[in-house]
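Have the sequence and the coordinates open as you read.

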Protein chains: 2
Amino acid sequence: MRRGRSAEGRAEVRRDLVTAAVDLFTDKGYDETTVDDIAAAAGVGRRTFFRYFAGKEDAVSPDHDLGLARIAAVFAEAHPTEPLSSVVLRAAETVFDLYLTDVQTARKRFALVHRVPALRDREAAMVHRYRRLFTRELSARLADVPDGDLRAAVTGAAVVAAHNQALRRWLADGATAEGARECVTHFRKVSGMLPLDAPLGLEDVTRRLERAARNLERLSS
Amino acid sequence: MRRGRSAEGRAEVRRDLVTAAVDLFTDKGYDETTVDDIAAAAGVGRRTFFRYFAGKEDAVSPDHDLGLARIAAVFAEAHPTEPLSSVVLRAAETVFDLYLTDVQTARKRFALVHRVPALRDREAAMVHRYRRLFTRELSARLADVPDGDLRAAVTGAAVVAAHNQALRRWLADGATAEGARECVTHFRKVSGMLPLDAPLGLEDVTRRLERAARNLERLSS
DNA sequence: AGGTTAACGGCACTGCGTGCCATCTCACAA
DNA sequence: TTGTGAGATGGCACGCAGTGCCGTTAACCT
């Protein structure tokens, strides 16, 4: 074979497969494109395709694992005294960069995902994972707040929904480079809609302060 | 054949297929169960299975179309002057009955859906449809409110998330009959977390009143 | 009784996803 | 330089999902 164990070779094959899949799906349709077509267009065997992607649907939007990792990193490295709404906003905004850079690719993927039912469902499953990650991290940090699990679920869903809505609006408005800043600004308006610190009693505040102090102590040890 | 065009016969076959699928999935596993097994256990041919369900995953939880129809009906029949938060709550609560009645079935489905990845993704796609329906209905009713689309997206996601969180909590707490009332009560707490009427200026209020008057006039004609 | 309609079952076909194995290339060591 | 092990590949074959097609059968209608 022409490639050994080179990591650059793997990334190159992966990119070729993604572009071939997106082009073929856009050109002749999703159902009319077989995995053999994608592999042949990328110059590899059919068996190799399934070594890079778990299924035909995964050839589009292969960056979701990176987005999930970034969110988890923001939560893991956040200072214990930083307000939750700030952490949540920062975590969600790290995902924007995955879309706002390759504008052409983002537009093609968006059109594909929202035309093909199989890709729509796949995207929904991915959004579900984002929501679950947010909810889990928030739930752990709202353990001693009344209805913490409910607030975590609502906040996670709200943040993910606002993120997708801002992205959708940006794409519908032409996906310009200067629109990217306004996209993030628009998304940040969600911070006023989150049920995080609004109706807390005095004892809740003291509990949260004590918890923050414990976290701070644990972190500095 | 033993069944003609009888509607009762169709519903009976459908129930047999669902119970056979759930039992087989629970017993020998999802991947280890073929559609042939389900059809044979229900006493019908393999081809007939695909006349009742679009795929193997749809044999579990076949009531989602009914839930979507109920939500759409609540929105369609709501009085134009009813507050949006009230309509949203009522719409979501109509879906609870789909789960709170058959407790045993709900428990089995829950365990299955959250164990099998394919069924999890299918459920996520269904939740996505619920969220889209809520968001669409809300977006049309928040057209003349600042950031109406964002509020609609956040509210739809929050309501669906709270619904699922309440249902999950109820199932985790044993899924008792008396717990059903508390499940709905718990869900209703989401009404205080929705960005619907909170920060509205005077001109927004007058706009909404004018819109309600227009809707009322259109409805009475 | 004869015709119509709708559901069913069987058959064959395409394509996805996977296990298995032989082959090739690169890296590293003797 | 040559051998060796590990990673990557491609081909082959298999099971199964989903679909189109068609003959058959049972219920309904006139």
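In which hand, left or right, does H4(B) pass H5(B)? The crossing of H4(B) past H5(B) is right-handed. Please keep in mind throughout that this is a predicted model.

**Helix H5 of chain B and its partners**

Let's stay with that pair for a moment. Helix H4 of chain B covers residues 64-77, and its axis lies 9 Å from that of H5(B), at an angle of about 155°. H4(B) and H5(B) are therefore roughly antiparallel to each other, since an angle over 145 degrees counts as such. On the H4(B) side, the contact is built from B:His64, B:Leu66, B:Gly67, B:Arg70, B:Ile71, B:Val74 and B:Phe75. H5(B) answers with B:Val87, B:Val88, B:Arg90, B:Ala91, B:Thr94, B:Val95, B:Asp97, B:Leu98 and B:Tyr99. Sorted by class, the residues where H4(B) touches H5(B) are 10 nonpolar, 3 polar and 3 charged.

One residue of this contact deserves a visit of its own. B:Thr94 sits in helix H5 of chain B, which spans residues 84-100. Which residues does B:Thr94 touch, once its neighbours within four places in sequence are set aside? They are B:Arg70, B:Ile71 and B:Val74. As a further landmark, B:Ser61 is 33 residues away from B:Thr94 in sequence, with 16 Å between their C-alpha atoms.

H5(B) also packs against helix H8 of chain B, residues 148-172, at an angle of about 30° and with the axes 11 Å apart. Here too the crossing, H5(B) past H8(B), is right-handed. From H5(B) come B:Val88, B:Ala92, B:Val95, B:Phe96, B:Tyr99 and B:Leu100, and they meet B:Val159, B:His163, B:Ala166, B:Leu167 and B:Trp170 of H8(B). This contact of H5(B) with H8(B) holds 10 nonpolar residues and 1 polar residue, with no charged ones.

**A helix pair in chain A**

Now turn to chain A, where helix H5 (residues 84-100) and helix H9 (residues 179-188) have axes that come within 11 Å and cross at roughly 150°. That angle makes H5(A) roughly antiparallel to H9(A). The residues in contact are A:Leu89, A:Ala92, A:Glu93, A:Phe96 and A:Leu100 from H5(A), with A:Ala180, A:Cys183, A:Val184, A:Phe187 and A:Arg188 from H9(A). By class, the contact of H5(A) with H9(A) has 8 nonpolar and 2 charged residues, and no polar ones. The crossing of H5(A) and H9(A) is right-handed.

| Helix pair | Angle between axes | Axis distance |
|---|---|---|
| H4(B) and H5(B) | about 155° | 9 Å |
| H5(B) and H8(B) | about 30° | 11 Å |
| H5(A) and H9(A) | roughly 150° | within 11 Å |

**Salt bridges and the interface**

How many salt bridges does a search of the whole structure find? Over all chains, the count is 22. One of them joins the side chains of A:Glu93 and A:Arg188, with 2.7 Å from N to O. This pair links distant parts of the chain, as A:Glu93 belongs to H5 of chain A and A:Arg188 to H9 of chain A, 95 residues apart.

Between the chains, about 2,100 Å² is buried by chain A and chain B, with 68% of it on carbon and sulfur atoms. Each chain has its share in the contact: 23 residues from chain A and 23 residues from chain B. The interface of chain A and chain B is also crossed by 4 salt bridges. A:Asp147 and B:Lys189 form a salt bridge through their side chains, at 3.0 Å from N to O.

Methods:
Residues numbered from 1 in each chain as written. Chains lettered and ligands numbered in written order. Predicted model: local features only at pLDDT ≥ 70, side-chain atom pairs only at ≥ 80, totals over all residues. Heavy atoms only, no water. Axes fitted to C-alpha atoms, helices over the stretch in contact; angles between N-to-C directions. Helix = DSSP H or I, 4+ residues; strand = E, 2+ residues; numbered from the N terminus. Parallel < 35°, antiparallel > 145°, perpendicular 65-115°, else oblique. Left-handed = near helix turned anticlockwise from the far one by under 90°. Contact = heavy atoms within 4.5 Å. Nonpolar A, V, L, I, M, F, W, Y, C, P; charged D, E, K, R; others polar. Buried area = accessible area lost by both parts, 1.4 Å probe.
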